[in-house]
Amino acid sequence: MKKIGLYVTLTVGALISLFPFYWAFIGATNESGKLFSKQLSFTPGTKLIENVINLNESIGISRVMFNSLFVSLTYTCVSLLVCTMAAYAFAKFEFKGRDTIFAIFLLSMMIPYHATVIPLFKMMAAFGWLNTYKALIFPNLAYPFAIFLMRQNMLAFPNALIEAARIDGAGEWRIFFRIVLPSMKPALAATAIFLFMYQWNSFLWPLIAVSSTDMYTFPVALSSLFGLSRIDYGQVMAGVTLATVPIIIFFLALQRHFISGMLGSAVK
Amino acid sequence: MFRRYWKGILLMMMSVLVLAACSDKQSSADNKGEQSDEKVVLTAWAWNVNVGALNEAMKEFQKDHPNIELKVEDIGRLDVYDKLSTGLAAGGTGLPDIVLVEDDRIHGYVNAFPKGFVNLSEKGFDQYASVFPQFKKDLTSVDGKFYAMPFDAGPTGMFYRTDLFEQAGVKAEEIETWDDFLTAAKKIKEATGSFAMPLDKFKDDPIFRMMLNQLGVYYFDKDGKIDLTNPKAIQAMDMLKKFDDAGLIKDVDGWNGVVSATVDGSVATIPFGAWYYGTIVDQAKDTNGKWGVFLLPAFEKGGNRAANLGGSSWMIPASSKHVDEAYKFLEFFSTTKDIQLMAMEKYGLFPSLSSAYDSDLFNNGVPFFGGQKIWELFANEMKDIPTAYYTNDYAIALDEAIKAQADVFNGKEPKKALEEAAKRLKDRTKREMNTY
Amino acid sequence: MRDLVLRLNLSFYLNANKKGRGRLRTKTVETNSVTTKVEGRTEMKKHVWKKKIVPYIFIAPSVILFSIFMLYPIGYSFVMSFQTSVGGEMTFNGLENYKRLFNDAIFLKALKNTFIILIIQVPLMLFLALILAVLLHSSLLKWKAAFRVSFFLPAVTSLVAYSIIFSIMLMNDGLINQLLEWLGIGAIPWLSHPFWAKASLILAMTWRWVGYNMVIYLAALQNISEDLYEAASIDGASKVRQFFSITIPQLKPVILFTAILSTIGTLQLFDEPYTLTKGGPSDETLTIGMYLYQTGFRYFDFGYASTIAYVIVVLIAILSFIQFKVSGDER
């Protein structure tokens, strides 16, 4: 009985979570005005292909998709490495300035992004990086949130194991890559998802840093569909649907790591 | 598995990154066209339909100027402002040669960044003063100097559903004053259930602004003093309240809400600028042929029915490296009748160029609007439109006016609400306030 | 790149170590008896030095990147918070900006709004996320992946879609009110009433971010040993009891972490009020994050906007500090 209750609650919750996305999909399959009319049915319409074609004309889907994918994937990989390394140091070592540096990282998370946009923009202009992939990837590589999250998870890793490995003569890199990281899979997966998501949905900075249409990432491209009055909502919704697919795939691929990655196995 | 090739993948990513970064640099250098003196590539920021208009105009322009090219970036309207503000605040970097700016923001930008834009009068634009309506000239000039070239305007009208009016037995031609419309709207509501007008009651005040404009007043007077307590402003707010008290205003949420109400017929009339035509035609395709337009009702019999809402103009950031070429192109764009007609016909952008009105396009009936000559109606209105004095504090004033409107809808007396808003505005902007 | 270089350096050491004391031994042979001591000391030094330097190497990339890309912007805007624009030029204004802020009625209102939203939304969302994570972690459940994706999807839906759809749904005659009417409850002025507008924001934010926090908790739940639960079951503790006595204490660090993160996010809140309610009606949903944006990007008062930013930082720091202390975390 309890089980059924559980399933029902979860299903209701899942439906509530999914509904707006489903509605966006319906919007993508209909022509523009229909999204607003009372007769909008809950079954998909027929205009999906048309909307996608129009969208492609408006923003060039493959280019935008490439930009978003390239930036997000590169960013995720590099940032994951950089941040995990730092997290490891903060969690497992004692060194001068450790807490101060960590506190500075934390504090930087507290600054609203609107405040740093202008100086960062000035800097990118000075470097000559405006309108390049570098401007999109570099600024937030040392992502305090990721460092914080990984550190949190690393604190739980038994120091005894590390010490034992050192005594055995293993070098620090080896310890890091072969002993610590493999048992941090769930945390790594979660962090990777968050990094990817952050970059994929990032809007303000890509908007400011990039001025040519062929460098647009998805959020910026979608936003460009909003002129003053002539908005094609069918296209918008098609874009929204397309923009969500890669990130769902990424999530599905990584979330299986959330299965029990028991610490016990490392001891063996 | 993935884990094993960690480092390999990482190395690959980093090398791709470096490669890609290097190659971008090259392509962006190409775009700047710095190699030869001859070829000039102008960059422009505009939104939506304006992009198409620019591109087509450039094709024409190139016939006489083959060495000039144009790269238009299609950016969302609000996004243009974020980028423009950032670029200007960063000291004038990363900005295009040409940017489209809506009229209500021009003064704000020029005042906040006095050296940010090219003074067009100095380039000789004054010679064109006579081909644009007075109000457009005022909007695009600061201290008597042109800083923007007028482009499209938003002469106002009441877009109405002819079938709903018929059903209620109301004749649009007979409506002359707002009181007339009030009576008519009540009839329509009874007969069809549709509201008179849509409005985002607590977050936007376009109807109030249109009323202010037609009455010849605005948030500020021509000396830049706060004019919210002007009896005419109070008159406008009173009228809005009357409509609301009679339950005739449909509270909608933002732009989407207005579009929604337009599409599903829950409002019989939408007061807006001529550019709203595009939205109706795009989003309410099922109602083809069932629309008409009449001018804003006057406040007194025979009073002014002409007003403007919206409209934009072209500006040249001072950081541009091709000011002369940009100027030449924009001059061509703004003052050539055929170009403006093209923008109108293909993109629904209502021209400010007076000479454009004398053409077939403006003399023909529009099928979607039951054959009514709506463009002629709008064109005839242009010369009577009073100037709205936005000033550089427009954004703050708008904020306060909306709050006043919200207070009125929540029961406060219009006079009191406007007085309080004027006072708040005075505190925030340090401007003088007119008292009556 | 840097990585490669570092790794090469360290493998050198690795090899040195691996070969035992080989390298150093050769040294001793060449010199005389005195060097035995030296050898011991140098090797100790090397070992100690290596241990000392290792953490710095690990944090080096982050620190370097951070210094370049974050410190300058942070410093710049800190300086700007003391400046104001005079005729288009930024000039030093002392503490005037800060004084102005404390007398700014609109800022104070935004502050109040932000706090109200914070106090209600964060605990609500975190609690829901925790329960969901526990439910989805339970091995009894089938279709876990499907559920996880469903709950996570809102966090991933683009802001554009999310705002259009919510505003359509929350319209006076929108879907949600239609549902409410059908249930006999009656329509609610979701977006035009001071109270309900805040409620709409809280609902939207919770909808959007529950899945995100759920994922964090899911990852952390993996670290709790099953044995603890088994032992408790044997002792006769109910699932609910286990939740409160085992799960929550074990997750304390992570809960603290998400609480701080959510606090930061809510105090900076911009996206939702900007796209859903525009701060209305009458500034009832204006947050300090949105006020910052308006001040800088709409009113072009960049100096003052930076001031607002720094006051937000101070507020967040204070709240985070309090949260740390309350939960007794060893930093």
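Pro20(A) is buried, with a relative accessible area of 4% (buried means under 20% relative accessible area, exposed over 50%, partly exposed in between, with a 1.4 Å probe and protein chains only). The model is predicted: local features need pLDDT of at least 70, side-chain atom pairs count only at pLDDT 80 or more, and totals for chains, interfaces and linings use all residues. Residues are numbered from 1 along each chain as its sequence is written, chains are lettered from A and ligands numbered from 1 in the order in which they are written, and side-chain values use heavy atoms, with hydrogens and water left out.

Pro20(A) is placed in helix α1 (residues 2-28) of chain A. Helices (H or I, at least four residues) and strands (E, at least two) are DSSP runs, numbered from the N terminus. Beyond residues up to four places away in sequence, Pro20(A) touches Ile165(C), Phe166(C), Met169(C) and Trp207(C); contact means heavy atoms within 4.5 Å. Arg63(A) is 43 residues from Pro20(A) in sequence, and the two are 27 Å apart in space, C-alpha to C-alpha.

Two contacts of helix α7 of chain C were examined. Two packed helices are described by the angle between their axes and the distance between the axes. Axes are lines fitted to C-alpha atoms, for helices over the stretch in contact, and angles run from 0 to 180 degrees between N-to-C directions.

Within chain C, the axes of helix α7 (residues 159-169) and helix α9 (residues 194-221) come within 12 Å and cross at roughly 140°. α7(C) is therefore oblique to α9(C). Angles under 35 degrees count as roughly parallel, over 145 as roughly antiparallel, 65 to 115 as roughly perpendicular and the rest as oblique. The crossing of α7(C) with α9(C) is right-handed. A crossing is left-handed if the near helix is turned anticlockwise from the far one by less than a right angle, and right-handed if clockwise. From α7(C), Leu159(C), Tyr162(C) and Phe166(C) meet Ala204(C), Met205(C), Trp207(C) and Arg208(C) of α9(C). The residues of this contact comprise six nonpolar, no polar and one charged. Ala, Val, Leu, Ile, Met, Phe, Trp, Tyr, Cys and Pro count as nonpolar, Asp, Glu, Lys and Arg as charged, and the others, Gly among them, as polar.

Tyr233(A), Val236(A), Met237(A) and Val240(A) of α13(A) meet Val160(C), Ala161(C), Ile164(C) and Ile165(C) of α7(C). The contact residues are eight nonpolar, no polar and no charged.

Chain C holds 14 helices and two strands. Of its 331 residues, 53% count as buried. Among contacts in chain C with a separation of 6 or more, 64% join residues 24 or more positions apart.

In chain A, Ser79(A) lies in helix α3. Ser79(A) is buried, with a relative accessible area of 0%. Not counting residues up to four places away in sequence, Ser79(A) touches Thr84(A), Asn140(A), Leu141(A), Tyr143(A) and Leu195(A).

Chain A has a mean pLDDT of 83, with 93% of its residues at 70 or more. Among its elements, helix α3 (residues 61-92) has the highest mean pLDDT (92) and helix α14 (residues 264-267) the lowest (30). For chain B, the mean pLDDT is 89, and 92% of residues reach 70 or more.

Methods:
pLDDT = per-residue confidence, 0-100.
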